[in-house]
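Here are my notes on the model you sent over.

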Amino acid sequence: MENYKKVYIAGGCFWGMEDLFRKRPGINDTEVGYIGGKNEHPTYRNHPGHAEGIELTYDDSETNFREILDYFFRIHNPTTVNRQGNDIGSSYRSAIFFQNEEEKNLAQEMIDVVNASGKWDGKVATTLEPYSTFWPAEPEHQDYLERIPNGYTCHFERDFGSFLEKENSDV
């Protein structure tokens with residue numbers, strides 16, 4: 001358990017992000033919820049300013065913050081502002097909620113790598129926001145696509161490969 005860390009990200013509807021991340025090596029737990037907003041104890045019907053986010057618990061002996069962000073930037077479109085697929089509004093923004101300066105700096109470095117890659121048509125619109133309380137979503141939103149396999153998602157892994165590949169080949 002000493003190797004377990006948490007990361008907080010948002011990239012559109014939380015159902016699809018959770019479903020893809022749960023299958024990644026080193027990810028030990030996923031939880032969907034609300035983060036970065038104005039009210040305490042937000043709900044699906046009342047979460048002003050909150051993003052639909054996910055809390056990932058990972059084993060840093062198996063994966064790391066950069067690898068998680070690399071995958072994050074491949075499963076949603078980080079160039080759209082407040083939108084993923086058919087979902088529109090600040091709840092669906094792309095955001096990384098950093099817990100310390102090291103995470104903030106690594107997140108900015110990854111944004112720079114993604115922008116330099118040219119793999120997306122536009123520039124990254126992902127915001128870097130300081131971590132605030134993560135409020136777990138209601139039970140019906142947890143593990144949604146496991147319970148409803150054909151449920152709505154706009155997330156999928158792009159086939160353009162890792163953003164870290166070129167960076168690693170330059171070393």
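1. Where is the place of D143? D143 sits in the loop between β8 and α4. Its phi is near 55°, a positive value in a residue other than glycine. At 30% relative accessibility D143 counts as partly exposed, where partly exposed covers the range between buried (under 20% relative accessible area) and exposed (over 50%), with a 1.4 Å probe and protein chains only.

2. A word on the ground rules. This is a predicted model, so to speak of local features takes pLDDT of at least 70, side-chain atom pairs count only at pLDDT 80 or more, and totals for chains, interfaces and linings use all residues. Residues are numbered from 1 along each chain as its sequence is written, and side-chain values use heavy atoms, with hydrogens and water left out.

3. On to the overall fold. The protein has five helices and eight strands, in the order β-α-β-β-α-β-β-β-α-β-β-α-α along the sequence. Helices (H or I, at least four residues) and strands (E, at least two) are DSSP runs, numbered from the N terminus.

4. Dimensions next. The C-alpha atoms fill a box of roughly 45 × 40 × 35 Å along the principal axes. Buried residues make up 51% of the 171.

5. Contacts here mean heavy atoms within 4.5 Å. Of the contacts between residues at least 6 apart in sequence, 77% join residues at least 24 apart.

6. Charges: there are 17 positive and 30 negative side chains, and the centres of the two sets lie 5 Å apart. Lys and Arg count as positive and Asp and Glu as negative, while His and the chain ends are not counted. Each charge is placed at NZ of Lys, CZ of Arg, CG of Asp or CD of Glu.

7. Have a look at helix α1 (residues 14–21). Eight of its eight residues are buried, so the helix is largely enclosed by the rest of the structure. Those buried residues, among them E18 and D19, pack against β1 (4–11), β2 (27–35), β3 (51–59), α2 (65–75) and α4.

8. Back to the loop between β8 (135–136) and α4 (144–147), where H141 is placed. H141 counts as buried at 6% relative accessibility. Leaving out residues up to four places away in sequence, H141 touches F14, W15, E18, V32, Y34, Y44 and R147.

9. Q142 lies in the loop between β8 and α4, and at 13% relative accessibility it counts as buried. A polar atom of the Q142 side chain lies 2.8 Å from the backbone oxygen of V32. With residues up to four places away in sequence not counted, Q142 touches E18, E31, V32, P136, A137 and R147.

10. N82 has a positive phi of about 55° although it is not a glycine. N82 lies in the loop between α2 and β4 (83–84) and is partly exposed, with a relative accessible area of 29%.

11. Last, F163, in the loop between α4 and α5 (164–169). F163 is buried, with a relative accessible area of 3%. Beyond its neighbours within four places in sequence, its contacts include F73, M110, V113 and W120. The C-alpha atoms of F163 and P139 are separated by 34 Å, with the two residues 24 apart along the chain.

Definitions and conventions. A polar contact is a pair of N or O atoms within 3.5 Å; within protein, one must be able to donate a hydrogen and the other to accept it, and residues adjacent in sequence count only if both atoms are side-chain atoms.
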